[in-house]
Amino acid sequence: MAKKTYDLLFKLLLIGDSGVGKTSILFRFSDDAFTSTFISTIGIDFKIKTVELRGKKIKLQIWDTAGQERFHTITTSYYRGAMGIMLVYDVTDERSFENIVKWLRNIDEHANEDVEKMILGNKCDIDGKRAVSKDRGDAIAREYGVPFLETSAKANTNIDKAFNDLATAILDKFAGKEPGDAPDRVMVDPRRGDTSRRSCC
Amino acid sequence: MTAPAGISPEIEAVLENGLNKTALTCLHCPSRILNPSVGTFVQQEFALPAMTKQKNQIIDEKHELREFWKVKDMFQFENVGFSNTVDGVKYLTCADCEMGPIGWHDLVTKENFIAVSRVRNS
């Protein structure tokens with residue numbers, strides 16, 4: 001018997017227009033010198049990361065949109081089991097910011113209604129090319145009641161905080177529902193990654 | 001060089017009751033992949049694509065490896081990345097710097113195998 005190595009499991013999604021740096025948010029210590037050609041060719045499906053919050057060991061399973069960046073291709077099956085969503089735009093790309101509202105609508109239509117959301121304005125290290133001010137990010141976040149952070153995957157600014165804040169929000173909600181004894185695990189649907197095998201018959 | 005069925009002194013040094021004695025970390029960054037005593041040492045052949053290749057090299061070289069840490073449940077990992085599926089296999093990478101493949105995931109049995117030679121014992 002494998003001993004229990006964690007308390008909770010949270011499934012998180014990264015969504016947003018292509019090119020906003022979702023992949024590099026997962027790719028924190030990005031360094032060209034070490035980029036593996038084989039892995040970068042085939043691409044990453046998901047990652048497992050471990051964080052400790054309030055004495056609980058939490059496994060985060062983090063999914064990228066894997067190229068399905070258009071609103072109409074991201075539907076219910078993609079959101080199934082998601083407990084948290086990072087909504088990412090690029091502060092140097094006006095259009096990716098305008099599309100945040102469309103993404104929020106897409107989440108409302110397809111995701112679980114109590115999913116925790118967070119808006120990230122990525123690439124905040126590139127000051128010269130900035131097209132979206134921090135104030136505008138703050139304003140849209142306030143309007144929709146969603147927490148907001150500006151991040152830089154490249155400079156490693158606020159990336160850990162973003163994941164910790166989102167996980168904390170889920171933990172708080174979870175604790176609110178289950179006062180006292182929390183169940184060992186929150187099971188998420190782990191099947192998305194191997195649909196090819198399961199669709200055989 | 002290595003005896004087919006034997007366990008080399010290098011492996012012996014990192015084993016405790018057949019499990020990894022120390023934590024496993026990435027060779028290229030400080031990311032912790034596995035806690036101590038979670039992976040079971042197994043010997044089986046698997047050809048894992050090389051982690052790096054020459055600039056002008058087109059075909060991915062594969063290395064025949066036979067010493068792995070077996071991890072039964074993917075959520076026993078501390079930090080790890082799973083690649084998209086290629087020929088029925090998902091390759092494992094460092095979750096932070098994405099160096100890899102450091103091992104592979106069997107889609108049928110759900111078991112995971114980390115190549116002993118592609119991680120650091122620390």
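1. Among contacts in chain A (heavy atoms within 4.5 Å) between residues at least 6 apart in sequence, 77% join residues at least 24 apart.

2. A word on the ground rules. This is a predicted model, where local features need pLDDT of at least 70 and side-chain atom pairs count only at pLDDT 80 or more, while totals for chains, interfaces and linings use all residues. Residues are numbered from 1 along each chain as its sequence is written, chains are lettered from A in the order in which they are written, and side-chain values use heavy atoms, with hydrogens and water left out.

3. Chain A has 7 helices and 6 strands, taken as DSSP runs (helices H or I, at least four residues; strands E, at least two) and numbered from the N terminus. Their order from that end is β-α-α-β-β-α-β-α-β-α-β-α-α.

4. Of the 201 residues in chain A, 49% are buried, meaning under 20% relative accessible area with a 1.4 Å probe, protein chains only.

5. Now to helix α4 of chain A, residues 94–110. Its 17 residues should span 24 Å at 1.5 Å a residue, and the end C-alpha atoms are 25 Å apart, which agrees; the expected span is 1.5 Å times one less than the number of residues. α4(A) also bends by about 30° at A:I100, the angle between axes fitted to the seven residues ending there and the seven starting there.

6. The buried residues of α4(A) include A:I100, A:W103 and A:L104. Among the elements covering the buried residues of α4(A) are β1 (8–15), β4 (84–90) and α5 (134–144) of chain A.

Technical notes. Buried means under 20% relative accessible area, exposed over 50%, partly exposed in between (1.4 Å probe, protein chains only).
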